[in-house]
Amino acid sequence: MKKIIILFLFITIKVSAQNALFVPDTLLGPFYNLTMHQDSVQFFPGNISHTYAFNSYHYLGPTLIFYRGSHINITVNNALNDTTTVHWHGIHVPAVADGGPYSEIMPGATWNPSFIVMDNAATYWYHPHTHMKTAEQAIKGAAGLIIVRDNTESALVLPRKYGIDDFPIIVQSQQYDSMNQAMPLGMQDSTLLVNGTQNPYLNAPAQMVRLRLLNASGERTFNFGFTGNMPFYQIASDGGLLDTPYLTTRIRLAPGERAEVVLNLTPYIGTSVNLMSYGSELPIGIQGGPTMPMPPGSPPMDSPLNGVDYNILQINVIAQTMNPVTTIPTTLTTNTPYPEVSANRTRTIRFTADSAMVMDGSFYFNDSSFSMMRIDYRIPINSVEIWKLVNETMVAHPFHLHDMQFFILDRNGALPNASEAGRKDVVLVPPGDSVRFITKFTDYTDSITPYMFHCHILMHEDDGMMGSFLVLDSSAFIGINELGIRNEELRVYPNPATNELRIRNYELGIKEVKIFTIMGEAVLQPTIKQLSNLTIDISSLAKGIYFIQIKTQNQLLTTKFIKQ
Ligand code: C2O
Ligand code: CU
Ligand code: CU
């Protein structure tokens with residue numbers, strides 16, 4: 001009798017240390033109902049942690065299944081005491097249905113986006129995108145997965161029985177304060193959650209098993225792999241299948257990125273393999289790799305998870321299911337990136353900071369902070385564009401584009417590796433790197449509501465590392481060209497200015513600059529010696545508001561500045 005009790009206690013302890021991985025239910029269309037509400041979870045002994053969740057969940061939300069080609073309607077109810085938005089990350093939708101910071105849902109209000117699913121089968125997700133509050137709301141748990149299915153993917157022999165041989169794996173690393181509440185600036189993160197489960201295990205059958213990996217962390221990059229360096233296949237990137245399964249032992253995912261992987265668990269029956277992050281292999285500068293040596297007096301930013309290898313999910317391999325998938329196809333699809341020569345233009349986006357040494361301060365695109373009052377780019381519909389991302393800061397930033405999936409052309413001049421050769425909507429740009437991608441802005445125009453591009457480190461996004469763009473009908477460009485150009489390529493700063501006014505000139509080639517009073521009187525015409533980063537001495541001007549007129553190769557641009 002005694003022996004049995006002891007055994008029973010032992011089992012209880014073992015079980016309490018590990019929790020079965022929570023697998024959210026699926027919602028099928030065409031009508032979806034999501035209610036975001038406040039809830040709580042007992043993550044730790046003592047205080048409960050306040051959370052945000054959807055529908056009946058205490059944390060996260062249901063998995064939405066979208067079929068390509070179907071017309072869907074979503075009702076989002078905001079039952080929070082706070083304004084929010086819900087964004088369908090990676091999904092190609094009209095700007096008014098995108099759920100960015102311009103689509104606020106007031107407390108108690110409802111939002112009804114509807115659109116036709118045009119995306120390739122892959123794993124996407126949804127999360128709040130509230131102006132300056134994305135981090136706070138998302139790390140409380142307001143997120144969920146979207147699975148898009150299409151005919152190409154459905155015709156392939158791949159594991160796709162949700163919760164049986166095909167699993168959502170939403171990985172978050174979080175920091176909780178001494179009151180057990182999630183902290184948006186989670187640079188000392190030490191709590192790992194998979195689908196909201198701490199210390200999880202998953203029972204998976206001894207056959208081909210598909211994991212849909214999503215890095216939903218605020219900051220951390222994971223370098224996923226399995227114990228024993230078990231090889232696995234990556235079959236999909238952010239926005240679609242790869243051309244062929246990519247056999248590898250690691251896959252690096254920055255915040256916002258997804259990958260679908262298939263593991264052959266057949267030989268592992270009765271044992272377990274662990275999903276790990278091999279942080280020791282990440283370079284300095286990527287959050288998750290070793291912490292950079294910091295100047296004295298800097299705020300603490302070391303996490304026990306930085307630069308080390310750690311377990312994320314234990315997978316216990318159990319008996320095969322009926323009709324198991326035991327091999328996967330050697331070809332999956334054919335991706336056809338737009339050829340570089342077809343590009344209508346290149347835009348350069350530099351990642352900048354107040355100072356090169358800043359690691360936790362504000363970061364910018366092209367030295368300017370996001371503003372709800374400014375549209376950064378105006379893009380003609382069907383424009384094929386190359387965006388060149390240049391990271392001039394000391395930390396890696398995952399760049400995310402709304403509206404379209406893109407193809408990476410090169411990283412520092414070299415072709416992307418197989419893992420990143422498919423459709424993408426987030427790309428990690430390490431310090432000093434430059435990445436070029438190509439995309440085409442198709443299908444939807446809107447002259448009022450913009451799409452966003454931003455760093456997917458949520459605190460950086462909230463701090464202003466974000467920009468906006470409108471996709472416009474070509475007729476919108478007749479006659480008002482300068483409006484579009486002024487905001488996207490020309491920055492006059494600082495504003496207000498004291499003695500010096502600078503003009504950063506990207507690709508235009510400035511010919512002439514004139515400064516006018518608001519009454520239209522020309523007061524200054526500096527000589528132009530160089531074609532980039534002009535500095536104009538304005539110390540002779542009286543305090544007040546001026547117009548600056550800039551003549552480029554083929555345009556006349558005018559903007560306002562204040563002399564103080
Ligand atoms: Cu996942 Cu603009 O966001
Ligand atoms: Cu997005
Ligand atoms: Cu960033």
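Buried here means under 20% relative accessible area, exposed over 50%, and partly exposed in between, with a 1.4 Å probe and protein chains only. Helices (H or I, at least four residues) and strands (E, at least two) are DSSP runs, numbered from the N terminus. This is a predicted model, where local features need pLDDT of at least 70, side-chain atom pairs count only at pLDDT 80 or more, and totals for chains, interfaces and linings use all residues. Residues are numbered from 1 along each chain as written, chains are lettered from A and ligands numbered from 1 in written order, and side-chain values use heavy atoms, without hydrogens and water.

Start with strand β21, residues 258-264, where six of the seven residues are buried.

Now the metal. Which protein atoms are donors to the copper ion, ligand 2? They are NE2 of H87 and NE2 of H400, 1.9 Å from the ion. H87 sits in strand β7 (residues 87-89) and H400 in β28 (residues 397-401), so the pair ties together parts 313 residues apart in sequence. Both histidines are buried. Donors are N, O and S atoms within 2.8 Å of the metal (3.2 Å for Na, K and Ca); water is not among the atoms, so sites may look incomplete.

Last, confidence. pLDDT is the predictor's confidence in each residue, from 0 to 100. The protein chain has a mean of 90, with 88% of residues at 70 or more. Over residues 479-488 the pLDDT is below 50.

Methods: Contact means heavy atoms within 4.5 Å.
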